[in-house]
2 protein chains.
Amino acid sequence: LLRARVTLASETFQETGSFKFRAAYNLASQVNERLILTASSGNFGQALAAACSMLGKESIVVMPHTSAQVKVDAVREYGGRVELTDVRVKSRAERLKELSEEYPGSYTASAYDDPLVIQGNASLGAELSASGRKFDCIVAPIGGGGLTSGLITGLRDLGDPTPVYGAEPLIANDAARSLREGHIIANDTEPQSIADGARTLSIGKHNWAVLREGIAGIIETPEENIKQAVRLLFMLANLKAEPTGALSLGAVLTQPDLFRDRSICCVISGGNVDPAVYRAILAE
Amino acid sequence: LLRARVTLASETFQETGSFKFRAAYNLASQVNERLILTASSGNFGQALAAACSMLGKESIVVMPHTSAQVKVDAVREYGGRVELTDVRVKSRAERLKELSEEYPGSYTASAYDDPLVIQGNASLGAELSASGRKFDCIVAPIGGGGLTSGLITGLRDLGDPTPVYGAEPLIANDAARSLREGHIIANDTEPQSIADGARTLSIGKHNWAVLREGIAGIIETPEENIKQAVRLLFMLANLKAEPTGALSLGAVLTQPDLFRDRSICCVISGGNVDPAVYRAILAE
């Protein structure tokens, strides 16, 4: 179908169901603080809550008051404390700053822009390199850039030159535009891609330092191809992927000529998707 | 949630998406015949077609003319020849017999009742035993009994006494009734359980010889618990399972007291499910 040899590197069975656990666990284990704060309505919040619980630390996750109850419950089940904020009154960043002042001995963690995040995600690059498989390239979702910069760091640390491509939603293409312009460009508002893990406003500064020279290219992927990739993973690989997780395969659908007859590793970054969203994608 | 330590042994990423490949490949590689015939509208047909293609052999799969096109296409994509039969005029068994006479050098394979099937499925028991994990028990779906008899054979061959329970749909409980009565009892008609891999009319004779003494018990699982298990695997394990594959977890939901505080291995036998069926289950 794709006229390429595709290997799926699935993070859907990672602890808490996404690659975010790599960064969260590395960060929580490296910092001295016993309390870690973050703002996340998605996978990083769950990952940080779980990592802190495993390490005997505490976590507070700031979430919009409109968050789906299932996501709030997930953070709590992993042992995190949830702080809901009415974002019409107070942004998550403001609430996070308040909490940081309220708890002076705490560490405020970015979900993607922190050297400890890159270092954590580098473990995936190292694992792929150590697997002994030779890929012509690796394709991974790009939102804030924590995963791709981590992959590149992990590969290069082992002297592995395999090119890494970023797969970005076309309607949230700030990373592609940044690469073209040579500096970080931010989206004006949060783009409403179905790939909700790639709705970040811009690439992180630490990540940009790695990506500007290190990434082979960014494939701007239409929403339709993201959804088609979710369906293909369901039908042909029995794999439940979240839309952000399917971005890498969506990118292969988007630029088939780039990957034709090549051996590709697609990173499926996570599997946590709302059942109603998943049903709607399958129905199309 | 289950108050038990549950390990999932997933066959959803096995070749062709179900455990049936183990039996099909073993059978196709052991028999001398170059052409293998079978009747299957489900996973065994796909598995046999793929196994024969890999081994440079031919396969013919007899399917009801009402089979879903996606299932017919799947057999063909794996390299099998499909023979559709109008079951109102001629049963699949009759058509299979005709073909067998038409091709005297062929082997007619049962999807579940053949020593070569048991031997193939025994590889899963051997792998679980060799994994080094100690389980208080293993729970696996039971339809024709090929999987459970294979598991028991594989474990016992290695001197592993771990008990094996069968998980059977309550509305297709011929195996449970057979065990109670001490001889094989058949359903009058094919029971319409959502677990379509367990709709077999009765346990196979070869399997019964293993199961009558070897199986620890059979848990008769209501349809609602099968569907709930599919949803739990989706929500908590990011695992796409077909209803038959989720039977083992459904059995744990059905008899929680039997498994409380124990270390259980649930065999998820396959992941091939029609998207419309899957969507309907998720929506409930």
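Student: What should I know before I start?

Tutor: Residues are numbered from 1 along each chain as its sequence is written, and chains are lettered from A, with ligands numbered from 1, in the order in which they are written. The model is predicted, so local features need pLDDT of at least 70 and side-chain atom pairs count only at pLDDT 80 or more, while totals for chains, interfaces and linings use all residues; side-chain values use heavy atoms, leaving out hydrogens and water.

Student: Which residues have the most contacts inside the largest nonpolar core?

Tutor: In soluble globular proteins, nonpolar side chains tend to be buried together. A nonpolar core is a set of buried Ala, Val, Leu, Ile, Met, Phe, Trp, Tyr and Cys residues joined through side-chain atoms within 4.5 Å. Buried means under 20% relative accessible area, exposed over 50%, and partly exposed in between (1.4 Å probe, protein chains only). Here the largest core has 58 residues, and those with the most contacts inside it are A:Val139, A:Phe259, A:Tyr278, B:Val139, B:Phe259 and B:Tyr278.

Student: What does B:Phe259 touch?

Tutor: Contact means heavy atoms within 4.5 Å. Leaving aside residues up to four places away in sequence, B:Phe259 touches B:Arg3, B:Ala4, B:Cys137, B:Val139, B:Tyr165, B:Ile219, B:Ala251, B:Val252 and B:Ile264.

Student: Is A:Thr148 buried or exposed?

Tutor: A:Thr148 is buried, because its relative accessible area is 0%. You will find A:Thr148 in helix H6 (residues 146–157) of chain A; helices (H or I, at least four residues) and strands (E, at least two) are DSSP runs numbered from the N terminus. Its contacts beyond four places in sequence include A:Ala140, A:Val164, A:Tyr165 and A:Leu211.

Student: And A:Arg231, buried or exposed?

Tutor: A:Arg231 counts as buried, at 13% relative accessibility. A:Arg231 lies in helix H9 (residues 223–237) of chain A and touches A:Glu224, A:Ile281, A:Leu282 and A:Glu284, not counting residues up to four places away in sequence.

Student: How do I read two helices that cross?

Tutor: Look at their axes, which are lines fitted to C-alpha atoms, for helices over the stretch in contact, with angles from 0 to 180 degrees between N-to-C directions. Angles under 35 degrees count as roughly parallel, over 145 as roughly antiparallel, 65 to 115 as roughly perpendicular and the rest as oblique. In chain B, the axes of H9 (residues 223–237) and H12 (residues 275–283) come within 9 Å and cross at roughly 90°. H9(B) and H12(B) are therefore roughly perpendicular to each other.

Student: Which residues of H9(B) and H12(B) meet?

Tutor: From H9(B), B:Lys227, B:Val230, B:Arg231 and B:Phe234 meet B:Tyr278, B:Ile281 and B:Leu282 in H12(B).

Student: At what angle do H1 and H2 of chain B cross?

Tutor: The axes of H1 (residues 20–30) and H2 (residues 43–54) of chain B cross at roughly 45° and come within 8 Å. That makes H1(B) oblique to H2(B).

Student: What can a phi angle tell me?

Tutor: Most residues other than glycine have a negative phi, and most peptide bonds are trans. Here, A:Arg3 has a positive phi, near 55°, and is found in the segment before strand E1 (5–10) of chain A. A:Arg3 is exposed, with a relative accessible area of 57%. B:Asp261 has a positive phi near 65° and lies in the loop between helix H11 (256–259) and strand E9 (263–268) of chain B. At 57% relative accessibility, B:Asp261 counts as exposed.
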